Amino acid sequence: MTDTPEQVKKTSLLVRFPFIPIPDHIQKFERLFYDLYYLLLQETPQNIVAIEIVNIRETINFYITTYETLIEPITNMIFSIFPDTEVEKAERFRNIETLPNHALGYNLTLLQQESFSIRTYRQTGGQDSLVPFLNLASTIPSKHAVLFQIVLSPRNEELESEGRAGLFYVSKESGEAVEKPKFDSTMRLLYFFPDGEEAEANNKVKEIVRSFHEFSSEKNKIVFNKAENAQKLLANFFG
């Protein structure tokens with residue numbers, strides 16, 4: 001009898017990537033997501049991975065949370081691409097017990113509600129689009145916390161004319177079908193704050209929204225939708 005996804009334990013990896021030049025960094029992450037896509041295709045239905053950026057107690061950490069069965073292959077994948085990376089297993093986020101009692105929750109969606117290819121490293125102009133968010137996250141008050149999560153699962157479609165697995169698009173330059181792995185994704189943001197500091201928390205969230213200016217065009221705009229039920233969002237975040 002096979003365990004259902006709900007029965008399989010999830011584990012987090014605390015990952016510390018080495019400092020390398022931005023173009024190389026982006027190129028390596030592009031390869032990581034390609035490899036991750038094909039790994040997850042083989043693991044249905046246990047094929048969900050959460051990528052999380054967390055600032056608690058003035059410390060920003062990067063986590064990958066997934067089913068226990070995927071921890072070893074993902075760890076090996078990371079080391080094959082980033083050999084100087086530090087990786088350690090964690091039950092959940094460090095200092096999670098110190099989170100304040102109040103939270104603002106947001107579901108992030110694409111304005112157009114369509115799928116678009118993530119730009120390749122050659123199209124970024126040598127700029128990491130996450131840097132504005134990371135810089136802003138590092139400035140929140142010491143007793144506040146921000147948790148950003150992207151939940152990924154592979155999309156498996158076929159190009160009808162060739163019947164090949166995967167997701168493809170037609171290159172504008174060559175007119176040929178080019179394989180481009182894509183994911184279905186769910187994005188969430190939680191901002192925690194102590195008693196009496198909701199106004200300051202709201203102002204910080206507005207700054208965080210502005211930090212996503214790389215995703216503000218009509219085609220790729222990310223919309224922050226405030227959750228009516230922050231407790232439900234919290235349960236989904238840690239579910």
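The model is predicted: local features need pLDDT of at least 70, side-chain atom pairs count only at pLDDT 80 or more, and totals for chains, interfaces and linings use all residues. Residues are numbered from 1 along each chain as its sequence is written, and side-chain values use heavy atoms, with hydrogens and water left out.

Begin with the overall inventory. The protein has five helices and twelve strands. These are DSSP runs, numbered from the N terminus: H or I of at least four residues for helices, E of at least two for strands. Of the 239 residues, 41% are buried (under 20% relative accessible area; exposed is over 50%, partly exposed in between; 1.4 Å probe, protein chains only). The protein exposes about 13600 Å², and carbon and sulfur atoms supply 49% of that area. Accessible areas come from the Shrake-Rupley method with a 1.4 Å probe, and for residues only the protein chains shown count as cover. Take the contacts between residues at least 6 apart in sequence: 79% of them join residues at least 24 apart. Contact means heavy atoms within 4.5 Å.

Now the sheet. Eight strands form an open sheet in the order β4-β1-β3-β2-β6-β11-β5-β12, with antiparallel pairing. Two strands pair if DSSP finds at least two bridges between them. β4 (86-90) and β12 (222-226) are the edges; each has a single partner strand, so one side of each lacks a neighbour in the sheet. On average, neighbouring strands are turned by 25 degrees against each other, direction ignored. Axes are lines fitted to C-alpha atoms, for helices over the stretch in contact, and angles run from 0 to 180 degrees between N-to-C directions.

Follow β6 next. Nine of its ten residues are buried. Eight bridges join β6 to β2, with Val-146 in β6 as the bridge partner of Asn-55. Ten bridges join β6 to β11, where Asp-184 is the bridge partner of Ser-153. Further along, five bridges join β5 (residues 102-110) to β12. Leu-108 stands opposite Phe-224 in β12.

Helix α5 (residues 230-237) touches β2, β5, β6 (145-154) and β11 (183-193), and its direction makes about 125 degrees with that of β11. Helix α2 (residues 68-81) lies across β1 (10-16), β2 (49-56), β3 (59-67) and β4, running at about 125 degrees to β3.

The whole structure holds 16 aromatic pairs. Rings of Phe, Tyr and Trp (its six-membered ring) pair if their centres lie within 6.5 Å; planes under 30 degrees apart count as stacked, over 60 as edge-to-face, the rest as tilted. Phe-17 and Phe-29 are edge-to-face, because their ring centres are 4.8 Å apart and their planes stand at 65 degrees. Phe-29 is buried, with a relative accessible area of 16%. Phe-93 and Phe-237 are edge-to-face too, with centres 6.4 Å apart and planes at 75 degrees. Phe-93 lies in the loop between β4 and β5 and Phe-237 in helix α5, so this pair ties together parts 144 residues apart in sequence. Ring pairs also link Tyr-106, Phe-133, Phe-148, Phe-212 and Phe-224 into a cluster.
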